[in-house]
Amino acid sequence: MEQPPVSDAADWSKLPADVLTSVLCGLEFPDLFSSAAVCTSWRATARALRRLGRSYTRPQTPCLFHISAAGAELYSVTAGKSYRLPDLPDPPVADRYIWGSPHGWLATADARSELHLLNPATGDQIGLLPVATIEQVTPVLDDAGELSRFSAEQLYQKNLFAVIIHQ
């Protein structure tokens, strides 16, 4: 069977936006990241989908979020490779404690115990109430007057401590 001449080949960059959006919304995150390499129109659409959170139309296979010398990455177990993520907002994710959370969001805490929800696929970040605003939490300062840690002894004594992350 003969291959069609190059001039007769489909120009994938000319797909109508609604068709391209439907195609990209059906991809898993690693494939969505890879699709940005096809052409500039696909890259723009893939970035817009990630920013808008529109890529969640299908269940996603779990990925491992990790920090490497190159930056934040998602490791796809099914693909067996890592995908570099777009730059994430400050504070630097490498300096945070990270807990997993459903639906692509990560609960993070920085060195000052400030809590954030971070979506590594979209780059969205939501700052949660500062821990110091909780009435029963008191800052503990070191000898230089710098914040050393927080004490929540009153919460533990009253069995009132709970953290809930809900979509």
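Predicted model: local features only at pLDDT ≥ 70, side-chain atom pairs only at ≥ 80, totals over all residues.
**Exercise 1. Isoleucine 98**

Solution: 
- Step 1. Find the element. Isoleucine 98 belongs to strand 4, residues 97-99.
- Step 2. The relative accessible area of isoleucine 98 is 33%. Buried needs under 20% and exposed needs over 50%. Isoleucine 98 is therefore partly exposed.
- Step 3. Take phenylalanine 65. This residue is 33 residues from isoleucine 98 along the chain, and their C-alpha atoms are 9.4 Å apart.

**Exercise 2. The pairings of strand 6**

Task: Work out how strand 6 pairs with strand 5 and with strand 7.

Solution: 
- Step 1. Start with strand 5 (residues 106-109) and strand 6 (residues 115-118). They are antiparallel and share 4 bridges.
- Step 2. Pick one bridge. Threonine 108 has histidine 116 of strand 6 as its partner.
- Step 3. Look at the turn. The two strands make a hairpin with 5 residues between them. In that turn, serine 113 has a positive phi of about 65 degrees.
- Step 4. Move to strand 7, residues 125-127. Strand 7 runs antiparallel to strand 6, with 3 bridges joining them. Leucine 118 faces glutamine 125 of strand 7.
- Step 5. Look at this second turn. The hairpin of strand 6 and strand 7 has 6 residues between the strands. Here glycine 123 has a positive phi near 80 degrees.

**Exercise 3. Aspartate 110**

Task: Is aspartate 110 buried or exposed, and what lies 2.9 Å from a polar atom of its side chain?

Solution: 
- Step 1. Locate the residue. Aspartate 110 sits in the loop between strand 5 and strand 6.
- Step 2. Apply the cut-off. Aspartate 110 has 15% relative accessibility, so it counts as buried.
- Step 3. Find the polar atom pair. The backbone nitrogen of glutamate 114 is 2.9 Å from a polar atom of the aspartate 110 side chain.
- Step 4. With neighbours within four places left aside, aspartate 110 contacts Pro91, Asp95, Arg96 and His116.

**Exercise 4. Helix 1 and the cysteines**

Task: Where do the buried residues of helix 1 lie around its axis, and how many disulfides does the structure hold?

Solution: 
- Step 1. List the buried residues. In helix 1 (residues 17-25) they are Leu20, Thr21, Leu24 and Cys25.
- Step 2. Read the arc. These residues span only 130 degrees around the axis, so they share the same side of helix 1.
- Step 3. Recall the helix rule. An α-helix has 3.6 residues a turn, so residues three or four places apart point the same way.
- Step 4. Turn to the other side. Asp18 and Ser22 are exposed there.
- Step 5. Check two cysteines. Cysteine 25 is buried at 6% relative accessible area. Cysteine 39 is buried too, at 17% relative accessibility.
- Step 6. Count. The whole structure has 0 disulfides.

How values were computed: Residues numbered from 1 in each chain as written. Heavy atoms only, no water. Buried < 20%, exposed > 50% of the residue type's maximum accessible area, 1.4 Å probe, protein only. Arc of directions from axis to C-beta. Pairing = 2+ DSSP bridges. Disulfide = S-S within 2.5 Å. Polar contact = N/O pair within 3.5 Å; in protein donor to acceptor, adjacent residues only side chain to side chain. Contact = heavy atoms within 4.5 Å.
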